[in-house]
Amino acid sequence: MAPALCAICKTERALIKRPKNHAKLCKGCFISIFEDEVHYTITSSKLFFPGEKVAIGASGGKDSTVLASVLKTLNERHNYGLDLVLLSIDEGIKGYRDDSLETVKRNAVQYDMPLKVVGYDELYGWTMDQVVETIGKKGNCTYCGVFRRQALDRGAKMLGIKHVVTGHNADDVAETILMNLLRGDLPRLSRSTSIVTGDNRSEVKRSKPLKYSYEKEIVLYAHHKKLDYFSTECLYSPEAFRGSARSLIKQLERVRPSAILDIVRSGEDMARLVPGESSSGCGCKEKSDTLAVAVDDGGGGGCGSTNGRSPGGEMAAMEQELRQNEAFEGLEIDVASTISRVKETEKEAQKDVPLKNGNKNVRPVARQVLGSCKRCGYMSSQDICQASHIQAGRPRCPFVLVKSLIGSAAKGKGKSNDDSIGNQRLEGDRHGDGVFGLVVNCVSCIVEELEGGKGKAYAEPCAALNGGLYLPR
Amino acid sequence: MSLTIPITVDFSGGLEMLFSNKRRHSLSIPALFTEEKDGKGEGEGEGEEEDKGKPVTIAFLVDYLCKNFMKDPRSDLFVLDGHIRPGILVLINEADWELEGEETYEIQAGDNILFVSTLHGG
């Protein structure tokens, strides 16, 4: 077979066939078009402002390594004026994260960027190794994922940085869209399409500059630029549901490579149809946007095979934001009342229509938002949070999850309610839901005790705020 | 037929772990192979094919690697339903195999075949 020539320069041998349009390109032209497209995403979405300090969530894996490399290149080429820092989370998984952190350390030297490593042990008093030792491998990804996303924000705050970029690629976004589609969860589907999430008033915002980049091209970019990245599966296996969505995406890609970007576009179009949800480039003004995140990630995410794949948010940030929202309500009312749709939308919203609870024009939103899930006690705009509701019997809220895991671990070992595992003392089934174990509700999270007064003993700051799982005595 | 051709096979992106944790493998593979028939004795031309054999292809190589070099029981991370698992990229002398006929590419002496997974950690 005669080698094909590059469709752009027409001189070099084509080495890459682009999934999005089947264009055959040589190495040089591929690298430059890949960078140009990320540049286009960045400028068209106005992701950065000159002089902005930006933390790159770096795992040492392909996506974040390519992100760091491309951002450095573009920052210099187009004078973004960004102050780039690598931010890594050490979950405390021996033989996995310690190795990948070595890669990040090399990247810091290669890209001449400062590196900050934040450990679960310092933030929460637990390493994932210890968590798994306690609760087993099942479901630990969810726990890990939720806490990693929070850890990224906390790391950024330690550095005085308000913007974290992550290496989520088009495949990741398509996968999340599909998962939400399969779950029938349009509001979350809508939010997952945003390129920016989080709040830019005071908290850390997130963005995904590689949102439109194919995973295949990311790997090829890393290969052809000989980037130094780490690739080993996390020792604690990825979540099955995400895994199957991933396989599906990859199989679709084999048959029809454009499918991935098509799903992303479809997701964006669907997002526009979801009442009250905004998928505009920036979700920063959306209260529900940030709110949804923990639940969001708690359920959807785990880490799967890609770290911090879901758009991130943070529990503490969320709580703080909720309080702010309350404070801002007075200010917002004027704006809101000028919007003609408010009245009718408001009525709808009051009728508990979960789909509409994110409408920023609707005043009652903050009220709804401030409730707590009756099941898990975590913040929710509904009586039963989506996480608990949708996956009835398989709670997704990280707090309930921890409880149920400990509970099932205890059952599995044939131990009684008040028995212990390791040095963890377990609680009985206080909720009457067959779930027993750690109780990690939080005074700061829960405005009102929903457990009929049983919850006095829960009155401790939650793990997320307190640097460790709360263990009842 | 004992003719062999030398090639190098690289694994990366996490696939190394399926093949003795080694990235580069220098191999001598048979230059020709005979296609296995599904039903024995079904094909009349079988004997003839055995004599001639066919040039080895990527499809043959994948099967050959699984049978001879896979040290890990998780072969489904490499092969799914008899084909390279979707999400694994194959580069033939640095070029995307999609440009080279994919599984039907006939392997030449000195070729470098790289299997790189996109499926692992990010």
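Biologist: Where is Gly60(A) placed?

Modeller: Gly60(A) lies in the loop that runs between β3 (53-57) and α2 (62-77) of chain A. Helices (H or I, at least four residues) and strands (E, at least two) are DSSP runs, numbered from the N terminus. This is a predicted model, where local features need pLDDT of at least 70, side-chain atom pairs count only at pLDDT 80 or more, and totals for chains, interfaces and linings use all residues. Residues are numbered from 1 along each chain as its sequence is written, chains are lettered from A and ligands numbered from 1 in the order in which they are written, and side-chain values use heavy atoms, leaving out hydrogens and water.

Biologist: Why does Gly60(A) count as buried?

Modeller: Buried means under 20% relative accessible area, exposed over 50%, partly exposed in between (1.4 Å probe, protein chains only). Gly60(A) has 1% relative accessibility, so it counts as buried. Beyond four places away in sequence, Gly60(A) touches residues including Ser100(A), Asn107(A) and Tyr229(A), where contact means heavy atoms within 4.5 Å.

Biologist: What makes Arg254(A) and Glu102(B) a salt bridge?

Modeller: The rule asks for a side-chain nitrogen of Lys or Arg within 4 Å of a carboxyl oxygen of Asp or Glu. For Arg254(A) and Glu102(B), the closest N and O atoms are 3.1 Å apart, and the pair forms a salt bridge. Between chain A and chain B the count is four salt bridges.

Biologist: How many residues meet there?

Modeller: In chain A, 29 residues are in contact with 27 residues of chain B.
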